[in-house]
Each structure stands twice: as C-alpha cells, then as structure tokens.
Amino acid sequence: MVFLEVDMEFVGSCCENLAIKTSSPDFPQREALGNYHVYLDVEDEPFICYGASVFINSETNLYMYRSKFGNWIVGKNMGKVKGGIIRSQEDDREKFALVCPCKVQKWQVHNKESWKFDDSIRIMIRRNKK
C-alpha cells in the first residue's frame, strides 16, 4: 500500500450543497444517501477535516469528510477511516486528494466485510432555491 502526503492547508470546497444518489435498488448503505451541506460552527465557519470542508446530512447525522489519506469518507465519526460506509478511491494520484467530493469519479461502498467499487454512486451538486 502506498500513502500520499496530503496538503493540509485549508481550501474551501467549490460546493456548499451536495446529494449522494445511486441507481442501484440493492444499494447496501441506503442511510448514506441524501442531501449534505457544508457543516458550519456557531460562528458560521466551516468545520475542517484534513484541509477540506466537512459536509453533514442533517437527517442521518452522517458526515462526508476528507481522511488523513486524502479519501473522502461518509461515516458517523468525523475524521476516522474506520467505521466509514462509503469512500472515494481514485486511481489517478493527481486526483486523489480532491478539495471537493463533487470532483470524485470512483467510489467504494463497505458491505460489512470489505470495500467494493460501486459505479452506481453519484455525487450531485445541489443549488439553493431562491
């Protein structure tokens, strides 16, 4: 296994609102699906995890955050890889530690035993209604 050194200098995400969707009716981690928004503290500053904004699904209390290895993770324990249920897994080293999850093309889902690539996962940019 090869590890990258991730640049931890904060760069804000290009999106504030995202949705995780799937075209699979048998998707094993359905609780991860839904709408996410940038997670803000009491002073309206974004929570930061390893140099990137953190997103939260307010209905499920799941976070989407960047790990110390550069993957984007969906899970309950912000900052932790263990316990994640979806993660990014780009092949191209230049794309690996992306600033925003909307740029990720390849995702894996954890099915209780191991990580499996899932081509049905899509990250959609949501626009605010005016």
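This report describes the fold, the aromatic pairs, the cysteines and selected residues of one protein model.

## Basis of the model

The model is predicted: local features require a pLDDT of at least 70, side-chain atom pairs count only at pLDDT 80 or more, and totals for chains, interfaces and linings use all residues. Residues are numbered from 1 along each chain as its sequence is written, and side-chain values rest on heavy atoms, with hydrogens and water left out.

## Overall fold

The protein contains 0 helices and 11 strands. Both kinds of element are DSSP runs numbered from the N terminus, helices being H or I over at least four residues and strands being E over at least two. Along the sequence the pattern is accordingly β-β-β-β-β-β-β-β-β-β-β.

An open sheet of 9 strands is present, with antiparallel pairing and the order S10-S9-S8-S7-S6-S5-S2-S1-S11. Strands S10 (115-117) and S11 (121-125) stand at its edges; each has a single partner strand, so one side of each lacks a neighbour in the sheet. On average, and ignoring direction, neighbouring strands of this sheet are turned by 25 degrees against each other. Such angles are taken between N-to-C directions and run from 0 to 180 degrees, with axes as lines fitted to C-alpha atoms, for helices over the stretch in contact. Two strands count as paired if DSSP finds at least two bridges between them. In general, strands of a sheet pair through backbone hydrogen bonds, either parallel or antiparallel.

Strand S1 (residues 17-22) pairs with S11 in the antiparallel sense over 5 bridges. Ile 20 has Ile 123 as its bridge partner in S11.

Of the 130 residues, 42% count as buried. Here buried means under 20% relative accessible area, exposed over 50%, and partly exposed in between, with a 1.4 Å probe and protein chains only. The accessible surface of the protein comes to about 8200 Å², and carbon and sulfur atoms hold 47% of it. Among contacts (heavy atoms within 4.5 Å) between residues at least 6 apart in sequence, 46% join residues at least 24 apart.

## Aromatic pairs

The whole structure holds 3 aromatic pairs. Rings of Phe, Tyr and Trp (its six-membered ring) pair if their centres lie within 6.5 Å; planes under 30 degrees apart count as stacked, over 60 as edge-to-face and the rest as tilted. The ring centres of Tyr 39 and Phe 47 are 4.3 Å apart and their planes stand at 20 degrees, so this pair is stacked. For Tyr 39 and Tyr 63 the centres are 5.5 Å apart and the planes at 50 degrees, which makes the pair tilted. This second pair links distant parts of the chain, 24 residues apart: Tyr 39 lies in the loop between strand S2 (34-38) and strand S3 (48-49), and Tyr 63 in strand S6 (residues 62-66). Tyr 39 is partly exposed at 22% relative accessibility, as is Phe 47 at 30%, whereas Tyr 63 is buried at 16%.

## Cysteines

The disulfide count is 0, where a disulfide is a pair of cysteine sulfur atoms within 2.5 Å. For Cys 14, the nearest cysteine sulfur is that of Cys 102, 3.5 Å away. The sulfur of Cys 15 is likewise 3.5 Å from its closest cysteine sulfur, in Cys 102, too far for a bond. Cys 15 is buried, at 5% relative accessibility.

Ser 88 lies in strand S8 (residues 86-88). Leaving out residues up to four places away in sequence, Ser 88 touches Asn 71, Trp 72, Val 104, Lys 106 and Trp 107. Ile 121 belongs to strand S11. Beyond four places in sequence, the contacts of Ile 121 include Ile 20, Phe 27, Ile 86 and Val 109.

| Residue | Relative accessible area | State |
|---|---|---|
| Ser 88 | 2% | buried |
| Ile 121 | 2% | buried |

## Positive phi values

Tyr 50, in the loop between S3 and strand S4 (52-53), has a phi near 50 degrees, a positive value in a residue other than glycine. Tyr 50 is partly exposed, at 31% relative accessible area. Asn 61, in the loop between strand S5 (55-57) and S6, has a positive phi near 55 degrees. Asn 61 is partly exposed, at 46%.

How values were computed:
Areas by Shrake-Rupley, 256 points an atom, 1.4 Å probe, with all protein chains shown as cover.
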